[in-house]
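Visitor: Before we begin, could you take me through this model term by term, setting each value against its definition?

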Amino acid sequence: MPGEADDVAVLTGKTSAERFSEVVLPHLSDALALARWLTGNADDAEDVVQEACLKAYKGLATYAGGNARAWLLTIVRNASYAWLARNHPRRIVAVGDLADLDALAADADTDAGTPEAALIAKADAAALETAITLLPHPFREVLVLRDVNGLGYREIATMLHVPLGTVMSRLSRARALLAAQLGGSR
Amino acid sequence: MELPSDPADLQLLLHALVDGELDAATTLALERRLVEDPALAAEHARIAALQTAVRNLPRPDVSDAFQARIAALGVAPQAAARPASAHSAWLGWRAMAASILVTAVLTSGLTQWAMTRNAPDSFAAAVASSHRRSLLAASPVDVASSDRHTVKPWLDARIGLSPAAPDLAKDGFSLLGGRVEVIADKPVPALVYKHREHLITLVAAPQDGRTASIPAGAERAAGGFSLIRWADGAFTYWAISDTDRATLEDFVNRFREAAAAG
């Protein structure tokens, strides 16, 4: 596979090592953050990101320019789920039945324990981290991509292959679930 | 600028306002509404507080050692074939020991472990992992339609080839749509059918002319799924599902009949 990356290098006049360091290395922090939240563990995140970066290197030929961060994060996301499926299949909340997720989110929406803004602002980091880790993956990934990685709605929709409206409703539900969780832990 | 009257839609706009995703006209209208509506303003403040709290969470450090390790991938990627760290090497050893211990009761689990470890590049494993990914994804299809006159042109427009896509709803296999998979570095069309609660992914790889026809039944299990492979005309097909083998065979027979009938 290095051969393919080198072919691209010939076209662009850069070695694949140079391209790799331009496209991948600036986004390691974002990659680690995403992998940390999807796998639930900072140590595992390093392994997952390393695996993803190797895939990114092999796939440099498929990177057509544009948003390098979103491109890398897509690979990191896939690597995270592959890693989870391999190591902790039971941690994955499959989206086999979206109706279940909707019911889950609806419960949170009607939860009377939704705290006020001031209380949320005072919530300690540990409680918030726990609450995020408890989010089902489809909600968690949208929240992390938006609020931790800072991607826009359209970038997230493109990355997840879902309509923009789905990104918006999942984000809204993710935050409702988080707020309810923080309210319940008072 | 009319704001939506549905509270759920208004809620989505509040999030979009906090995320800076609204155009100027909608922002203005929504900000005016917030002044008049204290409950909505409290919700807005809550969303903003939550976002600030999540943003302020500590981010994982990119240690110098890790940065150096990744940078080295760009120079000598094969070096990364060894375990990432002592930590993961130990975990790998532990996983292996555990697998050996439970072989007797978890044969299928071990098979999956062995497949993903030993044959990551094989086409079957790639088909299996793409199927598994599609089960995790929000939507298993990129173009959702039970109408082959929608699915075929969509695939044609994207990758310039499309297999027959008959809707087999009358046989209990409804066409959900299609997507593009990248397997062995080539984009290939994939159709998704639904049978009861099970999804069936049908990957169609164009034949390169060397193999004329492979009879159905060259099947095996890949990654814990049932897999059947056959070739007809221009394509080699891979049908994969978590449904039982008999059902998958039934699907393959019906698909071949319908595809041959055109």
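This is a predicted model: local features need pLDDT of at least 70, side-chain atom pairs count only at pLDDT 80 or more; totals for chains, interfaces and linings use all residues.

Visitor: Why are helix 3 of chain A and helix 9 of chain A called roughly antiparallel?
Guide: Helix 3 (residues 28-39) and helix 9 (residues 137-148) of chain A pack at about 155 degrees, with axes 10 Å apart. Angles under 35 degrees count as roughly parallel, over 145 as roughly antiparallel, 65 to 115 as roughly perpendicular and the rest as oblique, and therefore helix 3 and helix 9 of chain A are roughly antiparallel.

Visitor: Which residues of helix 3 of chain A meet helix 9 of chain A?
Guide: A:Ala33, A:Leu34, A:Trp37 and A:Leu38 do so, contact being defined as C-beta atoms, placed from the backbone, within 7 Å.

Visitor: What makes up the contact between chain B and chain A?
Guide: The contact takes 45 residues from chain B and 55 residues from chain A, and helix 3 of chain B gives the largest share of the chain B side, 11 residues.

Visitor: Which element of chain B has the lowest mean pLDDT?
Guide: On pLDDT, the predictor's confidence in each residue from 0 to 100, helix 6 (residues 107-118) of chain B has the lowest mean, 41, whereas chain B averages 75.

Note on methods: Residues are numbered from 1 along each chain as its sequence is written. Chains are lettered from A and ligands numbered from 1 in the order in which they are written. Two residues are in contact if their C-beta atoms, placed from the backbone, lie within 7 Å. Helices (H or I, at least four residues) and strands (E, at least two) are DSSP runs, numbered from the N terminus. Axes are lines fitted to C-alpha atoms, for helices over the stretch in contact, and angles run from 0 to 180 degrees between N-to-C directions.
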